[in-house]
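This report concerns the model shown below. Please keep the sequence and coordinates at hand while reading.

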Amino acid sequence: MSSFEFDGSPVPFAEGQTVGAALWAHGIRSWRTTRFAGSPRGLFCGIGVCFDCLVEIEGRPDRRACLEPAAENLDVRTQIGAGRADHQV
Amino acid sequence: MESSPDVAVVGAGVVGAAVALAAARRGLSVVVLDRGPVAGGTTGAGEGNLLVSDKEPGPELDLALLSLRLWAEVSDHVVSATGGGFEFEPKGGLVVSADTAALPALHDLAARQRATGVDAIEVRATDLRTHEPHLAPDLAGGVLYPQDSQVQPMLAAARMLQAARRLGARIRTREAVTGFLRSGDRVVGVRTASGDVAAGAVVNAAGTWSGEVAALAGIELPILPRRGVILVTQPLPPMIRHKVYAAEYVADVASDDAGLESSAVVEGTRAGTVLVGASRERVGFRREMPLPVVRRLAAQAVRLFPVLADVSLLRSYAGFRPYCPDHLPVVGADPRAPGLLHACGHEGAGVGLATGTGHLLAQVLAGVEPDLDLRPFRPERFAEVTV
């Protein structure tokens with residue numbers, strides 16, 4: 001089965017699954033912490049509207065896990081707080 | 001049976017709320033009526049701009065300067081009365097231009113504004129990014145306006161109404177005004193679906209719908225909608241410090257063009273989202289979201305802040321700004337219907353001008369000489385023939 005990397009560990013996925021769906025199927029329910037309270041977040045709406053499931057993919061923050069197609073060896077990482085802390089002024 | 005109030009305010013938007021609070025603080029008894037919820041019209045579809053930077057010297061700028069001073073005071077009052085504020089932030093505005101040829105006009109406006117008490121500091125191209133690090137590197141220059149401020153407009157309306165209630169005001173939402181009570185020419189209250197509300201005076205603060213309310217009293221008030229679209233980005237870390245906008249915005253605000261105009265006004269909010277305004281179109285009360293407007297605003301925002309190119313939009317919304325033919329609001333007593341006063345027609349500046357409008361109207365209601373000359377804002381000016 002194909003797999004991508006989530007924080008360094010392999011997550012299997014089926015053809016056509018999104019990153020969010022594959023993480024859920026693998027028992028992972030959160031992959032982001034909120035900006036102020038550091039609370040865990042994962043899928044909420046699951047259809048690309050709510051921006052709760054943001055995750056870092058291939059070094060790019062703020063990707064919606066529910067919309068991103070899973071792909072072989074994709075590098076997916078937990079997003080801590082605002083995804084663009086380096087832009088803060 | 002409750003005794004009839006001194007003032008009935010029609011409209012629970014930011015202007016109606018400011019009138020209600022100012023009147024209540026002068027000891028007047030107040031009832032506020034709105035056919036919808038608090039901030040359900042234009043107040044709930046704005047950005048919360050308190051701008052002096054976009055105004056030519058004249059009566060509107062005088063009202064903006066008065067309002068700005070009062071916003072700080074009202075914020076303090078509301079926090080102590082209700083325990084919560086409305087995100088009042090004197091963050092400053094930065095007007096920038098990409099075009100060197102446009103700079104003399106920008107600097108000239110700043111010089112004339114300075115003469116009326118506006119802080120306006122010219123910023124050279126090389127210094128722009130010390131104020132806003134993410135600005136595009138190739139802009140020609142700008143002017144910094146430290147007085148420009150921001151509030152969360154829905155919170156501001158709600159908090160001002162809450163503070164007014166602490167002083168005895170009654171707020172009746174979802175209660176549409178269907179007519180006026182008259183005694184001869186005089187307006188002595190309003191009619192609603194659930195009964196008559198007698199009042200010493202009635203204030204028309206119905207925003208973009210004020211013309212319809214005035215018509216119920218047989219009064220013509222030429223207030224029309226100008227649609228504005230605002231984009232909301234996903235939450236970001238603090239990246240934009242000021243209200244930043246392109247110099248062309250000033251021309252758009254004052255324009256009489258019916259077609260689409262847009263120039264980006266970009267600002268961060270406390271919630272982390274970045275708001276991008278501001279388009280202006282005269283298309284009546286059409287609600288649909290025009291994609292070309294969204295695209296154009298986004299492109300203009302990215303022109304100012306290239307870093308936004310990679311940021312997603314959460315949503316966009318449209319509102320209807322109440323504009324008058326001469327782009328001045330309508331504030332004061334209407335001699336055509338004694339007992340009826342207006343506080344409306346502020347176009348895109350209703351939040352910024354709300355506190356001054358409330359203060360001045362409360363002075364009129366209390367029989368005190370208003371701090372500003374209200375003649376430029378007089379309701380009957382549109383019917384007058386210029387000789």
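## Chain A

The model is predicted. Chain A contains one helix and eight strands, arranged along the sequence as β-β-α-β-β-β-β-β-β. The radius of gyration of chain A is 12 Å, close to the 12 Å that the globule rule gives for 89 residues, so chain A is as compact as a globular protein of that length.

Along the principal axes, the C-alpha atoms of chain A occupy a box of roughly 45 × 25 × 20 Å. Buried residues make up 33% of the 89 residues of chain A. Of the contacts in chain A that link residues at least 6 apart in sequence, 42% join residues at least 24 apart.

## Helix 1 of chain B

Helix 1 of chain B comprises residues 14-25. At 1.5 Å a residue, its 12 residues should span 16 Å, and the end C-alpha atoms are 16 Å apart, which agrees. After the helix comes G27(B), which has a positive phi, near 90°.

Because 11 of its 12 residues are buried, helix 1 of chain B is largely enclosed by the rest of the structure. The buried residues include V14(B), V15(B), G16(B), L21(B) and A24(B). Among the elements of chain B that cover them are strand 1 (7-10), strand 2 (30-33), helix 5 (153-166), strand 19 (340-344) and helix 9 (350-365).

In soluble globular proteins, nonpolar side chains tend to be buried together. The largest nonpolar core here has 124 residues, of which V19(B) and A20(B) touch the most other members. Helix 1 of chain B gives the most to this core, contributing 10 residues.

Beyond its neighbours within four places in sequence, V19(B) is in contact with V9(B), V203(B), A205(B), A343(B), T357(B), G358(B), L361(B) and A362(B). A second, separate core of 18 residues includes F6(A), F13(A), C53(A) and I57(A).

## Contact between the chains

The contact draws 13 residues from chain B and nine residues from chain A. On the side of chain B that touches chain A, eight residues are nonpolar, four are polar and one is charged.

## An exposed residue

R375(B) lies in the segment that follows helix 9 of chain B. R375(B) is exposed, because 9 other C-beta atoms lie within 10 Å and a residue counts as exposed at 12 or fewer. R375(B) and P238(B) are separated by 137 residues in sequence and by 43 Å in space, C-alpha to C-alpha.

Technical notes:
Residues numbered from 1 in each chain as written. Chains lettered and ligands numbered in written order. Predicted model: local features only at pLDDT ≥ 70, side-chain atom pairs only at ≥ 80, totals over all residues. Contact = placed C-beta atoms within 7 Å. Nonpolar A, V, L, I, M, F, W, Y, C, P; charged D, E, K, R; others polar. Helix = DSSP H or I, 4+ residues; strand = E, 2+ residues; numbered from the N terminus. Expected span 1.5 Å × (residues − 1). Buried ≥ 20, exposed ≤ 12 C-beta atoms within 10 Å, placed from the backbone. Core = buried A, V, L, I, M, F, W, Y, C linked by C-beta atoms within 7 Å. Rg over C-alpha atoms; globule rule 2.2 N^0.38 Å.
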